[in-house]
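Please look through the sequence and the model below. The paragraphs that follow lead from one part of the chain to the next.

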Amino acid sequence: MKKLIFASAAAIIMSAAASYAQDSESLTYNLNGSIASNCEIVPEGVVNVNVDMLNFGNQGLAAVAYSCNSPYELTIQSANGGMEHQESGGAIVILYDVETFGFFNTTGNGPQSFNSAAIVAPQVVATETSWANILVNGGLQLGNIDLVFPGLANSNVAGTYEDQLTLTLTAIL
């Protein structure tokens, strides 16, 4: 009988302790933030280059540095599809090639060559879509652009010639 009374008392004490369990509350902070996409190309703006129209071959042009803290695409475009003869109102256009070296491209494209006539619509020079690569190198890349004029057959008319070669760096989020 003592055992039964002892067991009953223990059960009552355990039941009472369970009904007085420690109170608990919590507070959760949901954190969020953002960093804007930032793409930079150096030099930036407009650079005037006096092209030697009688220098057939590689003229060299410029080194370009660029960075983007998000996936990006770098394109090249010719406004006229070549060096446009101003006195003829564009009736004569001297084609040239643009060679790009050192531009990082996740598709594995190394040095590329573009004919000016083929880049009247923007053509991709470089892309980066790997967030890990952007984190590791800070998005910083370097490349070189060279102009190559084919030869005398395309340059026999006196006058002034113009074209605009544009590199555009665009975030592709």
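Methionine 83 has isoleucine 94 of β6 as its bridge partner. Strand β5, residues 83–85, runs antiparallel to β6 and is joined to β6 by two bridges. Strands here are DSSP runs of E with at least two residues, helices are runs of H or I with at least four, and both are numbered from the N terminus. Two strands pair if DSSP finds at least two bridges between them. The order β6-β5-β11 describes an open sheet of three strands with antiparallel pairing. Because β6 (93–94) and β11 (161–162) each have a single partner strand, they stand at the edges, and one side of each is left without a neighbour in the sheet.

The model is predicted, so local features need pLDDT of at least 70 and side-chain atom pairs count only at pLDDT 80 or more, while totals for chains, interfaces and linings use all residues. Residues are numbered from 1 along each chain as its sequence is written, and side-chain values use heavy atoms, with hydrogens and water left out.

For the protein chain as a whole, the secondary structure comes to two helices and 12 strands. Along the sequence their pattern is α-β-β-β-β-β-β-β-β-β-α-β-β-β. Of the 173 residues, 27% count as buried, where buried means under 20% relative accessible area, exposed over 50% and partly exposed in between, with a 1.4 Å probe and protein chains only. Among contacts (heavy atoms within 4.5 Å) with a separation of 6 or more, 77% come from residues 24 or more positions apart.

Strand β10 takes part in several pairings. Strand β2 (residues 57–58) pairs with β10 in the antiparallel sense over two bridges, and asparagine 58 stands opposite valine 148 of β10. β3 is also antiparallel to β10, with five bridges; there valine 64 faces glycine 143. Five bridges likewise join β7 to β10 in the antiparallel sense, and aspartate 97 has valine 148 in β10 as its bridge partner. Seven of the nine residues of β10 are buried, which leaves the strand mostly covered.

Next come the aromatic rings. A pair of aromatic rings is described by the distance of the centres and the angle of the planes. Rings of Phe, Tyr and Trp (its six-membered ring) pair if their centres lie within 6.5 Å; planes under 30 degrees apart count as stacked, over 60 as edge-to-face and the rest as tilted. The count by this rule is two aromatic pairs. Tyrosine 66 and tyrosine 72 form an edge-to-face pair, because their ring centres are 5.7 Å apart and their planes stand at 80°. Both tyrosine 66 and tyrosine 72 are buried. Tyrosine 96 and phenylalanine 149 make a tilted pair, with 5.4 Å from centre to centre and 40° between the planes. This pair links distant parts of the chain, 53 residues apart: tyrosine 96 is in the loop between β6 and β7 (97–101), and phenylalanine 149 is in β10 (residues 141–149). Tyrosine 96 counts as buried because its relative accessibility is 3%, and phenylalanine 149 counts as buried at 1%.

Threonine 75 lies in strand β4, residues 72–78. Its relative accessibility is 12%, so threonine 75 counts as buried. Apart from neighbours within four places in sequence, threonine 75 is in contact with Pro122, Gln123, Val124, Val125, Thr166, Leu167 and Thr168.
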